[in-house]
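Hi,

Here is the structure I promised you. Have a look through it first, and then read on for what turned up.

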Amino acid sequence: MHNVRKITDDLYWIGANDRRLALFENVHPIPEGVSYNSYILLDEKTVVFDAVDWSVARQQIENIEYLLQGRDLDYLVVHHMEPDHCSSIEELAIRYPKMKIISSEKGFMFMRQFGYKSINGHELIEAKEGDTFTFGKHTIAFLEAPMVHWPEVLVSLDVTNGVLFSADAFGSFKSLDGRIFNDEVNWDKDWLDEGRRYLTNIVGKYGPHIQYLLKKATPYLPQVKFICPLHGVVWRSDFGYILDKYDKWSRYEPEEKGVLIAYASMYGNTENAVEVLASKLVEKGITNIKMFDVSNTHVSYLISNLFKYSHLVIASPTYNLGIYPVIHNFVMDMKALNLQNRTVAIVENGSWARKSGDLLQEFFETEIKNMTVLNERIGITGAPNNVNLDETDALVEVLVESLNK
Ligand code: FEO
């Protein structure tokens with residue numbers, strides 16, 4: 001059965017939710033699902049904006065057929081060629097043989113690379129920065145948005161009614177559950193964590209490219225009345241709120257002063273040390289603390305919280321004379337995602353050869369930009385002892401001072 005939502009007089013959401021997929025990109029857990037958004041404009045010409053993942057292709061096709069009411073589909077605009085948004089292109093190309101396809105030069109290159117044979121015979125129209133297309137009363141202007149999230153990405157603005165088709169930008173994990181607009185959910189309470197986890201893990205590496213796009217889009221923003229991303233809610237209010245979040249995340253600036261404690265512990269001793277540290281921080285008035293056992297937390301949640309908080313306490317046993325494997329994986333992901341500008345405290349453990357602290361310090365000082373590693377460190381040899389208690393007090397003092405700056 002069709003399932004559509006009206007956005008403006010002649011623009012509809014025709015996407016769908018996927019709550020069966022366990023891992024987005026086969027990497028990131030999505031326990032609350034994800035939506036694949038697609039839109040249709042019913043003007044003198046009919047235009048679909050973006051295809052969808054195979055898992056929901058049937059729903060998109062039913063939605064299109066329902067809204068076309070027997071009309072032909074004239075155009076398909078492909079802003080982004082990652083398969084979660086373009087798998088149904090081939091099916092649409094078969095069903096609508098006269099459909100013209102608009103995408104970037106690289107978008108068409110990817111269609112060929114992915115083997116989309118059914119687009120052969122369709123008119124393929126390359127869109128570049130500044131190009132405009134008129135479909136009746138609506139005119140759509142394109143901007144190139146390379147690396148937000150792939151190199152072929154376009155975003156477009158319907159200059160007639162102020163609808164911005166933003167591709168992956170302003171997207172989020174989470175299924176929509178019938179509510180497609182930002183004012184139909186409590187985004188700050190219920191969506192912010194998944195929005196941040198999506199952005200920081202999927203596009204986090206490309207902060208400078210997001211900044212470039214935000215700058216380029218600034219002159220058009222007063223015209224924007226709707227932001228229609230490929231995942232998550234359609235924004236029709238509170239643009240300042242979400243723009244501020246994107247600005248902060250893409251500049252690698254923390255959202256909040258607070259402490260992320262990320263620890264691994266083989267037998268509970270390293271965990272004991274950071275539990276004591278957390279209690280002492282709270283006693284000194286630092287209550288904005290989030291603690292994760294890295295061995296039992298998917299790295300995407302750690303990355304998201306690292307983008308949120310200003311300070312990181314990282315606690316690692318020594319393992320094979322190196323950094324404990326799950327902590328190593330976490331710091332490598334930090335590097336891959338270009339995270340920077342944080343203050344770090346190290347807690348290390350090693351029963352006969354304590355190495356993880358020095359290795360972490362060297363990593364943060366040489367591999368990641370603008371990290372301030374505090375001199376005070378807790379160095380455990382087995383279980384925390386009275387020396388470690390003194391080290392904890394000293395570390396708490398400098399953390400409190402740094403957080404209250
Ligand atoms: Fe949701 Fe980069 O695709």
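Aspartate 390 is exposed, since its relative accessible area is 54%; here buried means under 20% relative accessible area, exposed over 50%, and partly exposed in between, with a 1.4 Å probe and protein chains only. Aspartate 390 sits in helix 12 (residues 386-403). Helices (H or I, at least four residues) and strands (E, at least two) are DSSP runs, numbered from the N terminus. Between the C-alpha atoms of aspartate 390 and proline 29 there are 40 Å, and 361 residues separate the two along the chain.

Before you go further: this is a predicted model, where local features need pLDDT of at least 70 and side-chain atom pairs count only at pLDDT 80 or more, while totals for chains, interfaces and linings use all residues. Residues are numbered from 1 along each chain as its sequence is written, and side-chain values use heavy atoms, with hydrogens and water left out.

Contact here means heavy atoms within 4.5 Å.

Strand 7 (residues 39-42) deserves a look of its own. In a regular strand the side chains alternate between the two faces of the sheet. In strand 7 both faces are covered: Tyr39 and Leu41 on one side, and Ile40 and Leu42 on the other, are all buried. Strand 2 (residues 11-13) runs antiparallel to strand 7 and is joined to it by three bridges, with tryptophan 13 partnering tyrosine 39. Strand 8 (residues 46-49) is also antiparallel to strand 7, with four bridges between them, and leucine 42 stands opposite threonine 46. Strands 7 and 8 make a hairpin with three residues between them.

What about serine 300, buried or exposed? Serine 300 is buried, because its relative accessible area is 0%. Its place is in helix 9 (residues 299-308). The side chain of serine 300 makes polar contacts with the side chains of arginine 197 at 3.0 Å and histidine 298 at 2.8 Å. (A polar contact is a pair of N or O atoms within 3.5 Å; within protein, one must be able to donate a hydrogen and the other to accept it, and residues adjacent in sequence count only if both atoms are side-chain atoms.) Leaving aside neighbours within four places in sequence, serine 300 is in contact with His28, Pro29, Arg197 and Asn201.

On to charges: there are 25 salt bridges, each being a side-chain nitrogen of Lys or Arg within 4 Å of a carboxyl oxygen of Asp or Glu. One of them joins lysine 137 and aspartate 10 (3.7 Å, N to O). That pair links distant parts of the chain, 127 residues apart: lysine 137 is in the loop between strand 12 (132-134) and strand 13 (139-144), and aspartate 10 in the loop between strand 1 (5-8) and strand 2. Lysine 137 is exposed at 52%, whereas aspartate 10 counts as buried at 9% relative accessibility.

Another pairs arginine 196 with aspartate 193 (3.2 Å, N to O). These two are about one helical turn apart, because they are three residues apart in helix 5 (residues 187-203). Arginine 196 counts as buried at 1% relative accessibility, and aspartate 193 as partly exposed at 46%. Both belong to a network of salt bridges that links Asp193, Arg196, Lys245 and Glu255.

Last one: glutamine 361, in helix 11 (residues 356-367), is buried with a relative accessible area of 19%. Not counting residues up to four places away in sequence, glutamine 361 touches Ile346, Val373 and Arg377.

Cheers

Terms used. Two strands pair if DSSP finds at least two bridges between them.
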